[in-house]
Amino acid sequence: MDNPEQITAALKQFIGSGIIYQHWLGIGFTEGVKYLADAAEAYWLIDSIASHQTKKFLSNTNLQDFQIWHLSVKEKSGTLICESDTGKEVLRQEIEYTDFLINSIKVYLISKVMMLLTEY
């Protein structure tokens, strides 16, 4: 496992993505997100975001094509927040325990593909 500084530096190098990986819950994710999941042992983050893509959640038309996801970690617990493209918080999930190495990360989910901000 890389340290937080190495992971953060490496994440900045992902621009665009030639490969889209498929998650078993129906969303895709880019090479940058795969690197994040591998380096930080955080496939659970992809799982969590994918698990919220329900018919009820997506009945909000502001969430069908574009979502912003923020993960903030403090003292081994976290908060995962989803916002619409207007910046309005639509979902908050408290995470009792996590060993995620980075204090915060933001990803987009666009047309069912999760990507880093630099890959947009």
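**Exercise 1.** Determine how H2 and H3 are oriented to each other.

Solution. Step 1: locate the elements. Helix H2 covers 31-39 and helix H3 covers 43-51; helices (H or I, at least four residues) and strands (E, at least two) are DSSP runs, numbered from the N terminus. This is a predicted model, in which local features need pLDDT of at least 70 and side-chain atom pairs count only at pLDDT 80 or more, while totals for chains, interfaces and linings use all residues. Residues are numbered from 1 along each chain as its sequence is written, and side-chain values use heavy atoms, with hydrogens and water left out.

Step 2: take the angle. The axes of H2 and H3 cross at roughly 125° and come within 7 Å. Axes are lines fitted to C-alpha atoms, for helices over the stretch in contact, and angles run from 0 to 180 degrees between N-to-C directions.

Step 3: classify. Angles under 35 degrees count as roughly parallel, over 145 as roughly antiparallel, 65 to 115 as roughly perpendicular and the rest as oblique. H2 and H3 are therefore oblique to each other.

**Exercise 2.** State which residues of H2 and H3 meet, and sort the contact by class.

Solution. Step 1: contact means heavy atoms within 4.5 Å. On the H2 side are Val33, Lys34, Leu36, Ala37 and Asp38; on the H3 side are Tyr43, Leu45 and Ile46.

Step 2: the contact has 6 nonpolar, no polar and 2 charged residues. Here Ala, Val, Leu, Ile, Met, Phe, Trp, Tyr, Cys and Pro count as nonpolar, Asp, Glu, Lys and Arg as charged, and the others, Gly among them, as polar.

**Exercise 3.** Describe Glu41 by its place, phi and accessibility.

Solution. Step 1: Glu41 is in the loop between helix H2 and helix H3. Step 2: its phi is near 50°, a positive value in a residue other than glycine. Step 3: Glu41 has a relative accessible area of 47% and is therefore partly exposed (buried means under 20% relative accessible area, exposed over 50%, partly exposed in between, with a 1.4 Å probe and protein chains only).

**Exercise 4.** Classify the ring pair of Trp44 and Phe100, and compare the exposure of its two members.

Solution. Step 1: a search of the whole structure finds 7 aromatic pairs. Rings of Phe, Tyr and Trp (its six-membered ring) pair if their centres lie within 6.5 Å; planes under 30 degrees apart count as stacked, over 60 as edge-to-face and the rest as tilted.

Step 2: Trp44 and Phe100 lie 6.1 Å apart centre to centre, with 85° between the planes, and the pair is edge-to-face. Trp44 is in helix H3 and Phe100 in the loop between strand S5 (89-95) and S6, 56 residues apart.

Step 3: Trp44 is partly exposed at 26% relative accessibility, whereas Phe100 is buried at 5%.

**Exercise 5.** Describe the surroundings of Phe57.

Solution. Step 1: Phe57 lies in helix H4 (residues 55-58). Step 2: the relative accessible area of Phe57 is 11%, so this residue is buried. Step 3: leaving out residues up to four places away in sequence, Phe57 touches His52, Leu63, Gln67, Trp69, Cys82, Val90 and Leu91.
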